[in-house]
Amino acid sequence: MNVAEQFVQVLVQAGVQRVYGVVGDSLNPVVDAVRRTRGIEWVGVHNEEGGALAAAAEAQVTGRLAVCAGSCGPGNTHLIQGLYDANRSGAPVLALASHIPTDQIGTSFFQETHPERLFVDASAWCETLSSADQSPRLVRVAIQQALGTPGVSVIVMPGDVADLHTAHATGDGSYCIEHGRVVPPASQVQQLADAVNTASTVTLFCGAGVRGAHREVMAFADAVKAPVGHSLRGKEWIQYDNPYDVGMSGLLGYGACHDAMHDADLLVLLGTDFPYDSFLPGARTAQVDHDARHLGRRTPLQVAVHGDVGETLRALTPLVQVKTSRRFLDDMLRRHERALARVVDAYTGDLRQRMPIHPEYVADVLDELASDDAIFTVDTGMNNVWAARYLTPNGRRRVLGSFLHGTMANALPHAIGAAFAAPDRQVVAMSGDGGLAMLLGELLTVRRHGLPVTIVVFNNSSLGMVELEMLVEGLPAHGTTNDDVDYAAVADGVGIPAMRITDPGEVRDGLARALATSGPVLVDVVTDPNALSMPPSITVQQIRGFAMAAGRTVLAGGVGKMLDLARSNLRNVRALEP
Ligand SMILES: Cc1ncc(C[n+]2csc(CCOP(=O)(O)OP(=O)(O)O)c2C)c(N)n1
């Protein structure tokens with residue numbers, strides 16, 4: 001047995017079913033070992049970046065290790081974008097970075113790079129396997145590092161090492177996949193209870209860390225009569241079945257979330273490392289997080305609690321005095337409904353007939369037609385906005401995006417990984433035309449593996465999100481125009497059934513047909529590049545790029561379904577009123 005075969009055996013023992021990558025030189029012994037090993041397959045992609053993004057999505061859907069690989073030099077450098085995304089998203093991914101022959105290292109050999117330096121910033125762990133003696137232990141360490149962080153491990157392996165005879169038996173090993181929950185110190189829970197009890201009004205702001213704690217958050221919100229807002233990453237875990245919902249904060253935010261956060265006596269951040277500090281009140285804040293490194297890094301804290309959200313709220317709720325007044329909560333629910341009603345014109349009216357097709361209408365229909373456990377992948381760009389405002393979460397649907405690294409072109413490769421990970425679920429990629437073009441080759445991956453992915457291209461022939469940024473900065477849009485490309489014709493050429501929709505009257509039927517297709521399908525929807533409706537008060541200082549902001553929200557329009565939700569919550573308020 002050689003080191004490559006042992007490596008693959010250890011992967012199979014860890015439950016890995018596939019390796020995404022592009023074959024080549026130093027990687028060949030590993031590819032050959034995959035070919036000869038039962039229970040694991042080689043998934044050829046067309047750009048290693050696509051492979052790493054697919055692995056990131058697979059890991060996020062299953063919660064288990066996913067693996068990608070790149071050959072030495074350029075095969076390595078292509079991996080970086082996807083690994084960055086996986087690492088920032090906390091997706092347990094192992095990347096095999098093949099390396100030039102050991103005797104050539106340091107000689108400026110053909111395709112030489114320094115992978116141990118290259119991947120430092122994109123991974124949580126990066127080490128070289130340079131002798132047979134290190135195997136299989138180092139491979140197991142790499143796996144547990146990825147699962148334990150969770151994040152990216154990179155194992156660098158020169159081609160000649162992969163070919164060496166093994167020095168040790170493979171043996172067996174088990175891994176810790178599910179993490180234990182962090183129980184908060186009782187003193188911190190008591191401090192938080194004291195702060196909650198002395199505050200007359202409380203708002204909760206939830207991030208991805210509330211996953212699995214929906215019941216606890218609702219019970220706590222009920223006890224203290226707190227409005228509940230969320231970040232984009234928190235949406236899928238908390239917005240459903242939530243009578244306290246006041247929407248989302250941040251650049252793409254909407255509703256009364258901002259007001260509720262700023263007007264409360266106490267803001268409690270739950271499982272969120274929300275990066276836009278200018279949207280936080282900067283005072284009267286408590287934070288609960290299972291990662292103590294997150295505490296207080298966005299805003300000064302009155303109370304810091306190191307604990308899992310569910311564990312903390314279970315301990316906290318019995319310690320708080322039940323608040324009897326719903327005044328603040330009901331006021332925020334009303335404000336939320338009003339804020340949404342004001343801007344809903346952007347969605348209603350003649351939108352269903354408007355040419356070019358309004359992207360918000362497309363997202364709304366997609367939300368309505370997609371199945372209850374669909375996995376949506378959304379491109380960085382305006383699709384983040386449509387996902388935030390139109391996709392209705394229910395606790396079973398998933399929405400994957402590059403929400404922390406923010407790379408373009410993620411939707412299609414994320415959909416590839418999701419389709420492999422969950423072959424029985426509907427997978428819908430919401431792609432921008434810019435995003436699709438950037439990793440267009442991955443259409444060939446979809447075709448090669450016959451993946452049942454519905455790719456919906458929001459084709460506005462522009463880099464719309466950047467156009468918006470420039471607009472808000474008072475700059476003339478420049479460099480943001482894409483050519484009018486018929487992506488249905490492109491898909492057709494690739495061998496993927498496709499349709500191009502230019503008439504709003506065809507949106508519903510077209511999407512329904514696409515979603516009912518059993519194999520891959522692409523729907524190229526020609527959408528309005530000027531679909532963005534902006535609040536009139538926006539100023540130059542309010543947004544610089546995607547990352548800096550000092551304002552409330554950039555986009556005013558398009559809140560369709562969210563208005564329905566706000567109204568139904570308000571109906572509950574009215575029912576409670578004497
Ligand atoms: C790799 C990369 N390059 C550039 C950017 C900056 N950027 C953010 S969104 C965007 C435009 C995306 O355009 P498109 O995919 O067509 O979607 P739209 O916003 O038009 O819906 C750009 C260029 C980025 N986030 N990632």
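User: How many of the 15 residues of helix α3 are buried?
Analyst: This is a predicted model, where local features need pLDDT of at least 70, side-chain atom pairs count only at pLDDT 80 or more, and totals for chains, interfaces and linings use all residues. Residues are numbered from 1 along each chain as its sequence is written, and side-chain values use heavy atoms, leaving out hydrogens and water. Helices (H or I, at least four residues) and strands (E, at least two) are DSSP runs numbered from the N terminus, while buried means under 20% relative accessible area, exposed over 50% and partly exposed in between (1.4 Å probe, protein chains only). Helix α3 is mostly covered, and its count of buried residues is 14.

User: Which residue caps the N-terminal end of α3?
Analyst: Look for a polar contact, a pair of N or O atoms within 3.5 Å; within protein, one must be able to donate a hydrogen and the other to accept it, and residues adjacent in sequence count only if both atoms are side-chain atoms. Here a side-chain oxygen lies 2.8 Å from the backbone nitrogen of E49. That oxygen belongs to the cap, N47.

User: Why does Q287 count as buried?
Analyst: Q287 is found in strand β11, residues 285–289. Its contacts (heavy atoms within 4.5 Å), not counting residues up to four places away in sequence, include L269, T272 and V303. Q287 counts as buried because its relative accessibility is 2%.

User: Which residue's backbone oxygen does the side chain of Q287 reach?
Analyst: Among the residues that Q287 touches are L295, G296 and H294. The side chain of Q287 comes to 3.3 Å from the backbone oxygen of H294.

User: Which element gives the largest share of the shell around the ligand?
Analyst: The ligand is surrounded by 18 residues, where being near means having a heavy atom within 4 Å of it. The closest are G434, G435, S462, G464 and M465. Four residues make up the largest share, and they come from α17.

User: Which residue has a side-chain N or O atom 3.0 Å from an oxygen atom of the ligand?
Analyst: A polar backbone atom of M382 is 3.0 Å from a ligand oxygen, and a backbone N or O atom of S462 lies 2.9 Å from one. Those two use the backbone, whereas the side-chain atom at 3.0 Å belongs to N460.
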